[in-house]
Amino acid sequence: MNLENGKKPRLVVFSGAGMSAESGVATFRDHGGLWEQHRIEDVATPEAFQRDPKLVLDFYNQRRQKIGDVQPNAAHKAFTELEEHYDLTVVTQNIDNLHERAGSKKVIHLHGEITKARSNGNPNLIYDIGYDDIKLGDLCEQGFQLRPHIVWFGEMVPMLDTAAREMEQADILIVIGTSLNVYPAAGLVNYVPPRCTSYLVDPNLSQEEFGNRFSVRTGTAVDIVPGLVKELLTQKNNW
Ligand code: NAD
């Protein structure tokens with residue numbers, strides 16, 4: 001591949017829950033994952049919030065506190081080393097802020113951000129709340145109850161088009177820590193152009209399952225990413 005002089009190759013990291021597993025944040029579908037303790041319908045749908053807002057707020061208050069207690073892992077940090085030589089965008093399904101805390105500059109959150117609240121009556125009113133709880137009776141400036149700034153199952157994914165535009169321009173794609181089960185997010189990998197070189201990092205997925213679509217690196221984020229980053233840094237002039 002030959003890029004115009006002076007242009008950095010465009011690299012998209014597409015991350016899911018497995019990216020943060022080694023920071024101590026539970027994934028959804030693995031053994032011991034969150035959904036073994038909570039049914040999706042009880043905590044992660046608009047209907048659940050209407051039915052029992054306190055239960056839903058408590059569930060996310062616990063998640064938020066947990067995120068405040070954990071740290072970015074070596075894989076989150078290693079990705080930031082690429083920014084000098086690659087035009088790097090992180091597209092994440094994660095609601096945590098570990099990519100940002102590791103130092104990634106451009107992060108697109110497909111499923112929302114746990115450290116933000118938004119108005120239940122006006123989706124444009126979004127507030128940074130850090131690691132504070134949202135309580136019943138906490139209202140936006142227009143008097144509506146606050147809810148977590150999370151995309152729940154059955155809701156639109158407002159950042160989907162922005163993420164698809166990034167995929168369409170990718171020279172390199174690294175898919176990491178996602179079972180590619182949650183749509184429409186999982187469909188984003190189909191937007192990359194044929195020239196794009198695609199990697200997939202996951203301890204439970206193997207090359208046989210993906211043929212020549214991805215170069216599969218079977219292993220955990222922390223085991224694989226620092227080496228993959230080194231590889232990409234030595235190849236920085238080859239794209
Ligand atoms: P998923 O739970 O469906 O899949 C996780 C994937 O990560 C699996 O394929 C698993 O094999 C892999 N994995 C497990 N440990 C890993 C490790 N150490 N390194 C690399 N990979 C590892 O997660 P998903 O595909 O992201 O979809 C679930 C939904 O849950 C997403 O929408 C996401 O927003 C949400 N979620 C977010 C967080 C978070 O913000 N940290 C945590 C749990 C779930």
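Strand β8 (197-202) is largely enclosed by the rest of the structure, because five of its six residues are buried, where buried denotes a relative accessible area under 20%, exposed one over 50%, and partly exposed a value in between, computed with a 1.4 Å probe on protein chains only. Strands here are DSSP runs of E of at least two residues, and helices are runs of H or I of at least four residues, both numbered from the N terminus. The model is a predicted one, in which local features need pLDDT of at least 70 and side-chain atom pairs count only at pLDDT 80 or more, whereas totals for chains, interfaces and linings use all residues. Residues are numbered from 1 along each chain as its sequence is written, and side-chain values use heavy atoms, with hydrogens and water left out.

Strand β8 belongs to an open sheet of six strands, ordered β3-β2-β1-β7-β8-β9 and paired in parallel, two strands being taken as paired if DSSP finds at least two bridges between them. At the edges of this sheet stand β3 and β9 (215-218), each with a single partner strand, so that one side of each is left without a neighbour in the sheet. The twist from one strand to the next averages 15°, with axes fitted as lines to C-alpha atoms, for helices over the stretch in contact, and angles between N-to-C directions running from 0 to 180 degrees.

On one side β8 is joined to β7 by five bridges in the parallel sense, with isoleucine 172 partnered by threonine 197 of β8 and valine 175 by leucine 200 of β8. Four bridges, again parallel, link β8 to β9, and among these pairs tyrosine 199 has serine 215 of β9 as its bridge partner. Strand β7 (172-176) is likewise mostly covered, five of its five residues being buried. In a regular strand the side chains alternate between the two faces of the sheet. In β7, Ile172, Ile174 and Ile176 point one way and Leu173 and Val175 the other way, all of them buried. Five bridges pair β7 in parallel with β1, where valine 12 stands opposite leucine 173 of β7. Strand β1 (residues 10-15) is in turn joined in parallel to β2 (residues 87-92) by six bridges, with aspartate 87 of β2 as the bridge partner of arginine 10.

Two helices are placed against this sheet. Helix α8 (residues 221-234) packs on it and touches β1, β7, β8 and β9, its direction making about 155° with that of β8; contact means heavy atoms within 4.5 Å. Helix α6 (residues 160-168) lies across β1, β2, β3 and β7, and runs at about 130° to β1.

A further open sheet consists of three strands in the order β5-β4-β6, with antiparallel pairing. Its edge strands are β5 (126-128) and β6 (146-150), each of which pairs on one side only, and neighbouring strands are turned by 45° against each other on average, direction ignored. Five bridges join β4 (residues 112-119) to the antiparallel β6, and arginine 118 stands opposite arginine 147 of β6. Helix α3 (residues 53-69) lies across β4 and β6, running at about 55° to β6.

Within this three-stranded sheet, isoleucine 150 is located in β6 and is buried, with a relative accessible area of 3%. Not counting residues up to four places away in sequence, isoleucine 150 touches Tyr60, Ile95, His111, Gly112, Glu113, Ile114, Arg118 and Glu155. Its C-alpha atom is separated by 10.0 Å from that of asparagine 94, 56 residues apart along the chain. Threonine 115, found in β4, also counts as buried, at 11% relative accessibility.

Strands β3 (107-109) and β4 each supply at least two residues of the lining, with β4 giving the most, at three residues.
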